Amino acid sequence: MRLTLVIHGMSAGGAERVMQVLANGWAGAGHAVTLVTLDRVEDDFYACDPRVKRVGLGLKADSAGPLQALGHNLARVRGLGRAIRQSRPRVVVSFTDQTNVLTILASRGLGAPVIVCEHTDPHRHQVPAPWAWLRRRTYPRAAAVVGVTRAAEDFVRGFVKSRPVLTLPNPIAPPPPPADLPRLWPEGPSLVAMGRLDPGKNFALLLRALALVRAKHPAWRLAILGEGPERPRLEALAAELGLEQVLHLPGRVADPLTHLRRADIFVLSSDYEGFPMSLLEAMSCGLAVVASDCGTGVHEIIRPGVDGLVVPRGQVEPLAQALDSLMADPARRAELAQAAPQVCQRFGLERVLGLWDQLFHQVLTPNA
C-alpha cells in the first residue's frame, strides 16, 4: 500500500520519534512510504529507513503578523497539496494539531482518506484560538481521528460525530544493543530525565525534589537529555539550589537509549503528556521509573507498584518522597526495573501496526 505521512518536522520530540518508528515499521512491512515535512530534510534529528522517501518542503517560517501568517499557511497548504498528490497515496496519515488542519485542507479533492492523529492531551495543551477554531471545522472532514490516549479520544468526540474516533497507543520496539559511546556524566548512581527543555516538562520541579533529598543521597547525580529555551533557567535554579555539580545537561544526544541504560531511575516530571515516548523508551531499557500524574497516558503505561511509581502532578514533596524511597532501596529498584521492559509486549510495534492495519481497512472500505 502507498502511504503518505505528514508531520511538521523530524526534530527531536515525542511525536517525531513516533513518526520515525511507524514510518520505518510500515516500510519494513512492505508498504511504499513517503514522509512529507513542512521543515527541511536537512533539519532532521530522527533518520528514517532508506526505504522511506523523504520530502522536506522547507516551509517552516516565523510570521511577523496575522497577514504574513495567513500567507505562510496558504503556501503550506499549496506545497503540501502538491507533495501529497505527487506521492499518489492510498492513505494519508498526519500528526499533530496544526499540521493536521493543513493536511486536511491540502488533501481536498484528492480521493484518498486522511487520518489525523492528536499526540498531546488536548484538554491541557492549548493551541492558538484560530487553530482551535479550524480544528473543530476540519477534523470532521478526516476519514478518521486517532488519539494516543482516551483523553484525546474523548476530547475529539465532542466535535467529530460522524467519523471514526479511536485510541491507538504509541509503539515501542525492543531497544537495540547499546553503542560504545563515552559517558555523558560521571560514574555513580544517577537519575535521568529526557525531553525538550521547556516549561511543560517541568524539570524545575525535578530539581527542587532532588534538592530536598540530596543530603541523604550525596552520591546521586541527575542528567536531563534534551535541549530547549529553559536551559538558562534550569542552570540558574541548579546554582540557587546548590546542584551545579550534580546536574548534567548534555543537550540532544544521537543515541539516548544507550545513555538511559547507564542510569538507575528515570523521572517524568511533566505538567502534561499524551502517551510519552520517553517513558516507554526508559522502561524498554529496564529502568525503574517515577512519573507525575500528567495525563491518562501515564496510567496506561505504568502499572503502579509493578513497574513504576506515579506521584501527584506538580507537587515537590511527593516526588521527593518517591525518589528517596527508590534511591535508598536497590532491591525495590531492581524489582520495578525487571518488570518495566514488558512494555515492549504490551505496546509492541507489531501489535500497534496491526491496529493501524485494521484502521486502514476500515477507512478504505467504510461500508464493508
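**Aromatic pairs and overall fold**

Biologist: Is Phe-159 buried or exposed?
Modeller: The model is predicted, and in it Phe-159 has a relative accessibility of 11%. The cut-off for burial is under 20%. Phe-159 therefore counts as buried.

Biologist: Are the ring planes of Phe-155 and Phe-159 stacked or edge-to-face?
Modeller: The structure holds 7 aromatic pairs. In the pair of Phe-155 and Phe-159, the ring centres are 5.8 Å apart and the planes meet at 85°. Planes over 60 degrees apart count as edge-to-face, so the pair of Phe-155 and Phe-159 is edge-to-face.

Biologist: What angle lies between the ring planes of Trp-356 and Phe-360?
Modeller: The centres of these two rings are 5.9 Å apart, and the pair is tilted. For Trp-356 and Phe-360 the angle is 45°.

Biologist: Which helix holds both Trp-356 and Phe-360?
Modeller: Trp-356 is buried at 2% relative accessibility, and Phe-360 is buried at 1%. They are 4 residues apart, about one turn of the helix. Both lie in residues 349-364, which form helix α14.

Biologist: What is the radius of gyration of the protein chain?
Modeller: The chain has 14 helices and 13 strands, and buried residues make up 54% of its 368 residues. A compact globule with 368 residues would have a radius of gyration near 21 Å. The protein chain agrees with this, at 21 Å.

Key:
Residues numbered from 1 in each chain as written. Predicted model: local features only at pLDDT ≥ 70, side-chain atom pairs only at ≥ 80, totals over all residues. Heavy atoms only, no water. Helix = DSSP H or I, 4+ residues; strand = E, 2+ residues; numbered from the N terminus. Rg over C-alpha atoms; globule rule 2.2 N^0.38 Å. Buried < 20%, exposed > 50% of the residue type's maximum accessible area, 1.4 Å probe, protein only. Phe/Tyr/Trp six-rings, centres within 6.5 Å; stacked < 30°, edge-to-face > 60°.
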